[in-house]
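Here is a briefing on selected packing and pairing features of one structure. Please read it alongside the sequence and the coordinates.

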Amino acid sequence: MGSTTLPGDSGCKVIIVGSGFFGLAAARTYLKVDPSISLTILEADPCLGGTWSRDRVYPTLMVQQPLGAYEYPDTPMIPDDQPQTTGLYGNYIPGTLVCDYLEKFAKQENLLDKIIFNSKVRRVEKIGTLRNPKGWEIYVENGKEDGTPDYVCDKLIVASGQTSDENYPEGLDTSSFTPLTLHSKYIGKNSELLLSDKISTVTVYGGGKSALDAVYLCAHAGKKVQWVIRPDEVSSGLPYFGPGVDAFGQNSNSLISTRWIGKMQPNLYTVGDAFYRFWHSGLNKFGYWLHGFYWRFVSKLTWSAMQYHKSENGKKLIPQMKPEDMVAFWVNCNAGILTQPEIVDWIHEERLIKVHRAIITSLSSDRVTITAPNSNASEPTITEFQTDALVFCTGYQPTAPFFGHNIKLSTEVGVPLPVDKLPAAEEKKWAALGESADAKISALFPRLKTPPPVKLYPRRLSPFRLYRHIVPPEYVRNDDRTLFFLGALGVYNTAILTQLASLWGIAWLVGKLNPLEKQSIEDIEQDIAEQCRWSERRYLNMGTAPIAIHMYDHMAVFDVMMNDLGLNPVRKSGWFAEMFGEYSPKDYRGVVDEWLALNRK
């Protein structure tokens with residue numbers, strides 16, 4: 001039997017930044033492709049797992065996907081010969097189970113001794129040039145005092161993710177505030193204190209999944225929760241929190257991960273097929289009308305499941321967009337899946353959870369002051385209350401900060417920059433490409449020309465500009481195979497993406513992918529511009545985040561990656577299963593071996 005690896009670049013030094021879901025996938029895949037590399041994984045935290053690390057998970061934290069949907073293709077979370085159930089609502093996965101899984105995976109794949117913990121990367125420098133690359137210098141916090149690099153490598157994989165550097169509200173002074181104050185990132189580490197008898201009232205600031213999780217944790221423990229949501233925060237395309245199981249008992253993931261539902265979603269990669277012409281082009285009037293009718297119907301069902309008008313407390317969670325705006329079609333910010341539906345009753349009862357649509361304007365002693373707009377008066381309503389703890393669920397800074405010190409390098413590698421720091425030539429180039437992309441999208445998808453009436457906020461950061469959301473175009477242009485990124489794309493099924501993007505990036509690093517054989521660099525840059533503008537057109541405010549968004553059209557993205565790798569994207573037997581069957585990580589089992597077999601020939 002032939003080797004299951006490719007001829008290696010013996011002694012090649014590879015560094016992966018991050019040991020979360022993406023970083024571990026990249027490590028395992030690279031070692032499978034080339035076991036001769038010298039691999040180091042730099043992890044900022046004291047434990048692996050990223051979002052699901054031992055320090056960050058807590059008993060009630062849940063994944064928004066069911067068992068089987070959030071695991072590596074070749075490594076099931078629960079062995080196939082055991083019952084495939086968590087015993088919980090919707091078969092959703094506890095965060096602690098994901099943590100256990102990732103720790104076991106790292107041990108099983110012999111990755112633990114390659115991870116250097118408490119090594120937060122603060123700066124990277126390129127050695128050589130794009131045309132003559134020599135590798136990378138890595139500097140970490142509390143590193144060498146003589147100014148020399150802490151690590152040097154030939155290849156660099158950035159897998160630090162989008163939940164590393166916490167974001168706090170600007171201008172909010174906490175210096176005289178005495179209660180326990182923490183970001184949602186640190187709930188796990190502080191959960192015992194947060195749930196102790198010393199704390200009776202907890203204030204949670206923010207919307208989205210992290211806030212819902214924090215509210216549930218505290219209310220479940222009998223704490224009084226003051227849930228403060230900024231007035232402009234609940235403006236999502238999906239109702240703020242959607243039901244995790246539909247009226248027929250089917251898990252939401254099962255529908256979203258089918259090709260059928262994917263065909264009901266517009267996407268740039270399948271323009272020209274029969275589904276596009278019928279549903280999306282506007283050329284078939286009946287199909288276009290039926291598409292709109294379907295999404296309005298689904299929107300009403302989803303909306304009614306939340307029963308917003310059941311209580312005054314519930315009304316404060318009503319999104320800007322209504323069912324007639326097709327809220328189940330449009331996505332304006334990260335939607336939350338209700339993995340613990342009892343919280344809906346708790347919100348309506350208002351016994352433990354009090355919802356405020358307001359801004360925290362001051363913190364002093366143990367008092368929180370909030371200011372809320374008042375539609376019936378010219379002056380806002382100011383409220384003050386006592387609290388024993390404050391949890392900021394205000395998200396993360398979605399950047400690659402260790403490139404930010406060098407504008408030229410940041411531009412070359414395609415990472416986000418504050419829009420006022422973009423070099424003029426780059427801004428002009430991408431603006432022109434963006435206008436062309438916007439015109440193309442509007443022409444191809446008439447529904448996207450008329451979004452619902454939500455307030456669109458301007459970009460504060462430029463987007464990641466990466467080919468296939470992985471490799472900087474300048475690196476493709478110059479055949480510089482020393483760098484790629486993971487996690488610069490938001491999709492519904494992250495687990496599948498981790499494997500395919502890791503394999504794609506590694507294929508690039510080892511010289512087995514040659515994009516310029518199929519596309520010119522001009523075509524590649526236009527494709528990148530179209531992906532960026534697509535995010536904005538299709539996903540509104542969510543699409544102005546630095547990462548590209550293909551939340552519900554992810555299957556087409558996976559197909560493109562598979563085709564690039566020379567692999568068959570059709571993974572099921574029979575047309576019916578292929579169209580209506582749920583796609584999950586297990587459908588991509590053996591994909592690395594398939595690629596290795598193809599490239600050994």
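Helix 1 (residues 21–33) packs against helix 18 (residues 591–600) at an angle of about 30°, and their axes lie 11 Å apart; helices here are DSSP runs of H or I with at least four residues, strands are runs of E with at least two, and both are numbered from the N terminus. The axes are lines fitted to C-alpha atoms, for helices over the stretch in contact, with angles running from 0 to 180 degrees between N-to-C directions. Because angles under 35 degrees count as roughly parallel, helix 1 is roughly parallel to helix 18.

This is a predicted model, in which local features need pLDDT of at least 70 and side-chain atom pairs count only at pLDDT 80 or more, whereas totals for chains, interfaces and linings use all residues. Residues are numbered from 1 along each chain as its sequence is written, and side-chain values use heavy atoms, with hydrogens and water left out.

**Helix contact**
- Arg28, Thr29, Lys32 and Val33 of helix 1 meet Val592, Asp593, Trp595 and Leu596 of helix 18, where contact means heavy atoms within 4.5 Å.
- By class, this contact has 4 nonpolar, 1 polar and 3 charged residues.

- Strand 6 and strand 7 (residues 133–140) are joined by 7 bridges, and Val124 has Ile138 in strand 7 as its bridge partner.

Terms used. Pairing = 2+ DSSP bridges. Parallel < 35°, antiparallel > 145°, perpendicular 65-115°, else oblique. Nonpolar A, V, L, I, M, F, W, Y, C, P; charged D, E, K, R; others polar.
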